[in-house]
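Dear colleague,

I am handing over the structure we spoke about, and below it you will find a short account of what was found. Please read the two side by side.

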Number of protein chains: 2
Amino acid sequence: MALNCSADLKIGLSHVLPVASDSPIFTATARMGTITKALQLLDFFSREQPEIGLSQFQKLALRDKATVYRHLTELVDNGFLEQDQHSRNYRLGPAVLRLSNVRESTDPLRTTLDPLARQLSRRLNELVHVSVLQGDILATICYANHCSAALRVSFDESELLPLHATSSGYAVLAFGPGTVVDDVCAGKLQSFTEHTVTDADALYAVVNETRQRGYSLSTGIKEDGVASCAAPVFNSASEAYGAISVTFPTVRGSHNQLLTLTSSLLATARLATVQTGGQLPDGLEAVWSATDQISIAV
Amino acid sequence: MALNCSADLKIGLSHVLPVASDSPIFTATARMGTITKALQLLDFFSREQPEIGLSQFQKLALRDKATVYRHLTELVDNGFLEQDQHSRNYRLGPAVLRLSNVRESTDPLRTTLDPLARQLSRRLNELVHVSVLQGDILATICYANHCSAALRVSFDESELLPLHATSSGYAVLAFGPGTVVDDVCAGKLQSFTEHTVTDADALYAVVNETRQRGYSLSTGIKEDGVASCAAPVFNSASEAYGAISVTFPTVRGSHNQLLTLTSSLLATARLATVQTGGQLPDGLEAVWSATDQISIAV
DNA sequence: CTGATTGGTTTGGATAGTGAACCGCTTGGT
DNA sequence: ACCAAGCGGTTCACTATCCAAACCAATCAG
């Protein structure tokens, strides 16, 4: 059971990058069920690639064309995809809207966090996004980019983020369910830049550092020239279920800028926690308040 | 292929009602892939049932418990479900939020229609919902209920609606893709009340009537005492891809009330069509304008 | 015309999913 | 205390299902 799980989870990471292409044989060895294979097809969609054709899917997923085709048609039959009549391309279908609607109507997570993200982005003039823990990766559920500067981070890259290479990931690793850190460290830590933490011990160190600071900082761990800081958002058990992050070009990451930024970030995270029915862990409130004091002094 | 399709589609209808229980053998005969079986589990969630346990799933889906369990865990692994730690119940996961976000960011369907629904509901003081065609059923993607009367329709029943037994369905059948009417008529027309149209010819008649009127009317076809009228929303090819409907107790369906109601409904549908990049078919604009004239006169 | 795309379809052989029975646990009635 | 019924979860032989490679038909470029 534990073995199956970790196998599945490794797969989850693979398509954060287009595909780990090394040896086609090795990728095939990893066990995963039909359902997983089909659902992973959905993960290839993104903002700049809202429509995908059969052949393109086959290349992305490195699977047999016939298999992909059957999976696609079955997804279409269930409304998770719809097919353009003349281009024959596939795009996400109405079922995802319906389901997210059902979920939001009983537990309005995005509905409450989205305004907070917008507000924060507007105040800081930087990219903000909100992600929640899903297995051992992060799923971005909303974002806001009110940055008006010429140099800005164009987010539109990936909606699935690795925990070990994003500031949001750091925050969740530090304050989330205890098992996650170990799970992630047990797996392979894919390298994105030369600053990506690929060593388990080093990652543990970063996590500890983050715990003491109360929020996370990172520069160039996923993409060069991009810095980010993130604060955890807690559930009622005072476990981080997600994080709010601010992402900006490293050149705008001066000491003073960072302080004002984190002040707003922490305030937003506090709000987010409260508004989603969560509670900050005991020690943290003091740490966050101290940070506020410093930033006010500056 | 055509056979497979229609078979799959019939399945789609089955879980509008809990389950067509007749003969367990017969339900098992219907061919459907693993993916479909797994995805259909997601359809059992609704507003009043946001959490479902394993055994309950098994009863609802009439499938083997082990199978259901494996499907559920695989859905959890992919973030489509999440499991409560102590109750062990399942609920919809963050993946649906992420995917709907991806879709909305390139084609903001719900984002644009939701405000219109709210506005209409507020004006009319009745339940409004917006549904889109998905195969041969309707998926409700948003709704609004600003009804303040003591007697009101509590929508929270089903987010998947049959085309032959809802006013929205009538509207889509009348103005949607030509094949849909035939597909639906070819299938079994499940009866909900004594007013449900279960005869194919009768349904064709209703559809024709709806075409001439320009919008649909219904009373008690899915539930007794509930009336509804709906207007189609069109895509750029002037085909209805969905509908906006107003649902109310039959006692509030007097002639005058209906006229003012349809006037607002048609205006909203026109807006919805335009704002989602669609276009009204040639003849319809005149019909809708005429309706407006009548209502103004009243 | 060829050749290289595209989306879609067929085939037998092997893999991956199935379901009856089973397990350990908690619940609740007596 | 007891037993029975319910729960979530697991096992394993069987076989239905899916996979891979090859094949179609249509389109487009040169």
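Predicted model: local features only at pLDDT ≥ 70, side-chain atom pairs only at ≥ 80, totals over all residues.

**The surface near DNA strand C**

DNA strand C is surrounded by 18 residues, the closest being A:Thr34, A:Gly53, A:Ser55, A:Ala66 and B:Ala66.

**How the two chains are related**

Chain A is superposed on chain B, with an RMSD of 0.1 Å, by a rotation of 180 degrees with 0.0 Å of shift along its axis. The two copies are therefore related as by a two-fold rotation axis. Of the interface residues of chain A, 100% are also interface residues in chain B, so the copies meet through the same surface.

**Helix H11 of chain A**

Helix H11 of chain A covers residues 255-275, and because its 21 residues should span 30 Å at 1.5 Å a residue, the 30 Å between its end C-alpha atoms agrees with that expectation. The buried residues of H11(A) are A:Leu261, A:Thr262, A:Leu265, A:Leu266, A:Thr268, A:Ala269, A:Arg270, A:Ala272 and A:Thr273. After H11(A) comes A:Gly277, which has a positive phi, near 75 degrees.

How values were computed
Residues numbered from 1 in each chain as written. Chains lettered and ligands numbered in written order. Near = placed C-beta within 6 Å. Least-squares fit on C-alpha atoms with pLDDT ≥ 70 in both. Contact = placed C-beta atoms within 7 Å. Helix = DSSP H or I, 4+ residues; strand = E, 2+ residues; numbered from the N terminus. Expected span 1.5 Å × (residues − 1). Buried ≥ 20, exposed ≤ 12 C-beta atoms within 10 Å, placed from the backbone.
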